[in-house]
Amino acid sequence: MRLMAPVDALGWTASGVLLLTLGRQVWVQWRERRTEGVSSWLFIGQMTASLGFTVYSALIGNAVFVLTNAALLLTAIAGQLIYRRNVRREARE
């Protein structure tokens, strides 16, 4: 088993920080059930960019960015679904 190179450790650490930060934001949005300060376009843009970066990362063979961007894509999809749920909920109230 070979040890991870310092440059890879840096990439994986940065990926973890980014995913935790965005995951926390989506969690707060889900928990608070509000859309204030959030736009559907944020998630549409994030989904588009993350899909493009995932494909690009796969084409250049960078595992850190493939995983990170695929996870960001899933985060954006979850955020969009939660946003839409919250919009429907606010419309009923």
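My notes on the packing, the surface patch and the salt bridges follow.

Before anything else, I noted that this is a predicted model.

Helix packing. I looked up helix α1 (residues 6-32) against helix α3 (residues 63-92) and found that they pack at an angle of about 5°, with their axes 10 Å apart.

Surface patch. I next found a nonpolar surface patch of about 670 Å², made by Leu51, Phe53, Val55, Tyr56, Leu59 and Ile60. Of these I checked phenylalanine 53, which lies in helix α2 (residues 40-60) and counts as partly exposed at 49% relative accessibility.

Salt bridges. I found that the structure holds four salt bridges, and I wrote down three of them.
- Glutamate 93 pairs with arginine 89, their closest N and O atoms being 3.1 Å apart; glutamate 93 is exposed at 67%, whereas arginine 89 is partly exposed, with a relative accessible area of 28%.
- Arginine 34 pairs with glutamate 36, again with 3.1 Å between the closest N and O atoms; arginine 34 is partly exposed at 40%, and glutamate 36 is exposed at 65%.
- Glutamate 32 and arginine 31 meet through their side chains at 3.6 Å, N to O; glutamate 32 is partly exposed at 34%, as is arginine 31 at 40%.

Key: Residues are numbered from 1 along each chain as its sequence is written. This is a predicted model: local features need pLDDT of at least 70, side-chain atom pairs count only at pLDDT 80 or more; totals for chains, interfaces and linings use all residues. Side-chain values use heavy atoms; hydrogens and water are left out. Axes are lines fitted to C-alpha atoms, for helices over the stretch in contact, and angles run from 0 to 180 degrees between N-to-C directions. Helices (H or I, at least four residues) and strands (E, at least two) are DSSP runs, numbered from the N terminus. Patches are made of residues with over 30% relative accessible area and no salt bridge: like charges are joined within 9 Å, nonpolar side chains (Val, Leu, Ile, Met, Phe, Trp, Tyr) within 5 Å. Accessible areas come from the Shrake-Rupley method with a 1.4 Å probe; for residues, only the protein chains shown count as cover. Buried means under 20% relative accessible area, exposed over 50%, partly exposed in between (1.4 Å probe, protein chains only).
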